[in-house]
Every structure is written in structure tokens, then in C-alpha cells.
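I opened my notebook to look through this model place by place. My notes follow in the sequence in which I looked things up.

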Amino acid sequence: MDLKQNDRLVTLEEFIIQSQNRFPGATGELSQLLRDIGLAAKIISREVNKAGITNILGNEGSTNVHGESVKKLDTFADQQLISSLERSSITCMVISEENDGIVRLRSSGGKYIVYLDPLDGSSNIDVNVSIGSIFSIYMREPRFDPAVEEKEALQPGTRQVAAGYVLYGSSTTLSYTTGLGVSLFTLDPSIGEFILTERKVQIPDHGTIYSINEGSYNSWDLGLKKYIKYCQEEDQETGRPYSARYIGSMVADIHRTLIKGGIFIYPHSKRYPDGKLRLMYECNPLSFIIEQAGGMATNGKKRIMDIKPDSIHQRTPIYIGSKENVEMVMDFLFEYAEEEAV
Ligand code: AHG
Ligand code: MN
Ligand code: MN
């Protein structure tokens, strides 16, 4: 792991500028956008860390577009990210979990569209368990009119120009990709800077951890039930039984999966017929990260990033993680699909 350059630490800002310099025609706008997100992340991280003493824990009293109760930190994170993006006039439109429709920014001429899950894992806020922020960045297509429209945001995940997440855990880390591998940074709170901790993160091809909310077992498809039983069987060669880990903050579960390998699953169920997690600001950005690290992400039938979106808040089932684990669950789903249909 090459953490230092010329024996000194590399900050997120430096790293972004160095990466940009490798592309002679680059305008620097995407770099600025990533730095804006980095700044908002530091402010959110500061607030998360003092949440208990500043009366920012708990419900705000309203519900969001999905009928879920909104936490004060959800709103705070949403506002910080949007106002940070507004500063540099590069982003024309934001789509956030916390806003029903699109949010047009003053910089309507900006060429970037940004999706946000400002605070992921809200149910863990009040119990001091890791939470995160997720972002996904697209470009406007030049053929569209100056007035930015929602349909412009309905692009498949393969069109993301950058994506990443911030994890507010035992330390605050930021991971992002622009399609050239995944870089990982850790916030040093004493100097207020994200410091490069890994340049090209690679997910193991095979992992021995499975991550799923087993409370919904009774309403899973037969293939998934059989796969989870397979994970629990003993087999030395494949490291089974696997360990079960489920944090309930997708960012945290995916971060662990990225580092240690294994699989994270949020399937469809009776309660969530289309899955629970949101395609555009949870599944696509985290799939981009995992794929860039050498892993896989599917909805059980096709690659997540190939899904053509119909709406900005749509949900999808997801099977994501180490290549071998995802291929194995796909085999199970395929094998038992016919049996179940009979
Ligand atoms: P959010 O807090 O942004 O609404 O997301 C919560 C999501 C995700 O982070 C997590 O993986 C999942 O909800 C957990 O859902 P269950 O409680 O149904 O397992
Ligand atoms: Mn979320
Ligand atoms: Mn959220």
C-alpha cells in the first residue's frame, strides 16, 4: 500500500488535482465538485460526532417521500451537501432521498447532475452505530434544452462519471471512483483533512461473510433460502460456515464487504416487492465502487448498472460483493426459479 508521496501524506484535495492533471483536456469542474462533496462530508462528520450533545438526535417530526420518518441529521446532511454543491455553479440539478422531486440549483447552466443519499442508515443514528452519505454523479447530455428536466437524470448507472460514499464510523472515511479504480481516504480530525489511505482498493474474489436481514427469511425466493443455507453449511475448502454480519446501514455493510469480501443482499420480499434500496442513490453508486474494485452487483437477473431507470426514486433488489459469492447466489436463484414456478 503506497500511502505517501515523497514521504509525506497526500490529502484528498491534492489527490483530486493530481488525478485531473493526468487528463490534459480536463476543465477541473468534476474535481471541484468532488472537493465540494469532501467539504460537506467534513461538516456532516463533525455534526455526527457531537450529535448527542447538540440536540440533533431524533426525529424531525415529518416523513420523507418514502413515508419514512425524517431524522434531524438527514435534513442537516441534505442541506449541507446541496449548499456545498450550489457554491461552485457546476451542478444544475440534485436528486436526493430527502426531496420528492428534483432540486434545480441556481447554476442551471452547470453540466453535472448529482444524486444523493445524504444520510444512509438513519435508524442507526440514535444508537451510535455507523452511518454514511452516498453520491452519484452524471453529466447532462448537450442535446437537452437549457431548462433542466427530470428525464435527463434517468440515466443507467454505466453513465456515472463518478460515485462514492462517506462512512461516519470509528473513523470517517471517504471512497470514490471516477472509473479508474477506487481510492480510500481517512479523515484526520486534528488537521481537518481527508488523507489518502489506499489508492486502488481491491475486493477479494471470494469472501466468507454474508450480510442480509434474515428477519424476512419467510418471504424470500426458494433459491435465496437455499443459498443462505449453503452459506451456513460446513465446508473447509470454501471457508463455510460463513459468518453473518448485518449493520443495517448499507454504506457500512458495503464498506466491510469491499475490504473483507463476501456478499451483501437486499432481496425483494412481501414487504418490499421491488426490494427496499434505491437504484439511483444507493445501488448504482455502490455498485460502481464494488465493480471498480473487482466485484459484482446484480438485481438477481441483470447487472445493476445496466438497469434503465423509469423514475428517480425507484427501488431494486441487490446482490453485491465478491465475484465468486455473487456468481454463486445467481446460480442458486437460477436453479430454483423453475422449481418454484412449477
Ligand atoms: P436510509 O437510512 O437512507 O433510509 O437507508 C436505510 C437502508 C440501508 O442503509 C440499509 O441497508 C437498509 O435500509 C436496512 O433495511 P432493513 O432495516 O429493512 O434491514
Ligand atoms: Mn440509504
Ligand atoms: Mn438516507
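**Entry 1: the end of a helix**

I began just after α5, where glycine 261 takes a positive phi of about 85°. The model is a predicted one, and I keep that in mind for every entry. I then went back into the helix itself. Helix α5 spans residues 250–260. Is it mostly covered or mostly open? It is mostly covered, with 9 of its 11 residues buried. I listed the buried ones: Met250, Val251, Ala252, Asp253, Ile254, His255, Arg256, Thr257 and Leu258.

**Entry 2: manganese ion, ligand 2**

Next I went to the metals. Which residues coordinate the manganese ion (ligand 2)? I found Asp117 (OD), Asp120 (OD) and Glu282 (OE), at 1.8 to 2.1 Å. I wrote the donor spacing in sequence as D-x2-D-x161-E.

Aspartate 117 has a relative accessible area of 0%, so I note it as buried. Glutamate 282 comes to 2% relative accessibility, so it also counts as buried. The cut-off I used for buried is under 20%.

**Entry 3: manganese ion, ligand 3**

I moved to the manganese ion (ligand 3). Its donors are Glu97 (OE), Asp117 (OD) and Leu119 (O), at 2.0 to 2.2 Å. Along the chain they follow the spacing E-x19-D-x1-L. Here too, distant parts of the chain are linked. Glutamate 97 is in the loop between β5 (91–96) and β6 (103–104), while leucine 119 is in strand β7. I count these two as 22 residues apart. Both glutamate 97 and leucine 119 are buried.

How far apart are the manganese ion (ligand 3) and the manganese ion (ligand 2)? They are 3.7 Å apart. Aspartate 117 coordinates both.

**Entry 4: salt bridges**

I turned to charge pairs. Side chains of opposite charge can pair when their charged atoms come close. I noted a count of 17 salt bridges in this model.

I picked out arginine 35 and glutamate 13, which form a salt bridge with their closest N and O atoms 3.7 Å apart. Arginine 35 lies in helix α2 (residues 29–49) and glutamate 13 in helix α1 (residues 12–21), so the pair ties together parts that are 22 residues apart in sequence. Glutamate 13 is partly exposed, at 36% relative accessibility.

I also looked at arginine 240 and aspartate 235. Their side chains meet in a salt bridge at 3.3 Å, N to O. Arginine 240 counts as buried, at 11% relative accessibility. Aspartate 235 counts as partly exposed, at 24%.

One more pair went into the notebook: aspartate 306 with arginine 303, the closest N and O atoms being 3.5 Å apart. Aspartate 306 is partly exposed, with a relative accessible area of 34%. Arginine 303 is partly exposed too, at 32%. I then noted that salt bridges with shared partners join Glu97, Arg278 and Glu282 into one network.

**Entry 5: surface patches**

Which residues form a negative patch? They are Asp331, Glu335, Glu339 and Glu340. Glutamate 340 is placed in helix α7 (residues 323–341). At 39% relative accessibility, I log glutamate 340 as partly exposed.

I found a nonpolar patch as well, formed by Val127, Val129 and Ile247. Together they have about 210 Å² of accessible area. Valine 129 lies in the loop between β7 and β8. Valine 129 is partly exposed, at 34% relative accessibility.

**Entry 6: a loop residue**

My last stop was alanine 147, in the loop between β8 (131–139) and β9 (162–168). Is alanine 147 buried or partly exposed? I found it partly exposed, at 49% relative accessibility. I also looked up the separation of alanine 147 and glycine 109, which are 38 residues apart along the chain. Their C-alpha atoms are separated by 8.4 Å.

Definitions and conventions. Residues are numbered from 1 along each chain as its sequence is written. Chains are lettered from A and ligands numbered from 1 in the order in which they are written. This is a predicted model: local features need pLDDT of at least 70, side-chain atom pairs count only at pLDDT 80 or more; totals for chains, interfaces and linings use all residues. Side-chain values use heavy atoms; hydrogens and water are left out. Patches are made of residues with over 30% relative accessible area and no salt bridge: like charges are joined within 9 Å, nonpolar side chains (Val, Leu, Ile, Met, Phe, Trp, Tyr) within 5 Å. Accessible areas come from the Shrake-Rupley method with a 1.4 Å probe; for residues, only the protein chains shown count as cover. A salt bridge is a side-chain nitrogen of Lys or Arg within 4 Å of a carboxyl oxygen of Asp or Glu. Lys and Arg count as positive and Asp and Glu as negative; His and the chain ends are not counted. The place of a charge is taken as NZ of Lys, CZ of Arg, CG of Asp or CD of Glu. Helices (H or I, at least four residues) and strands (E, at least two) are DSSP runs, numbered from the N terminus. Buried means under 20% relative accessible area, exposed over 50%, partly exposed in between (1.4 Å probe, protein chains only). Donors are N, O and S atoms within 2.8 Å of the metal (3.2 Å for Na, K and Ca); water is not among the atoms, so sites may look incomplete.
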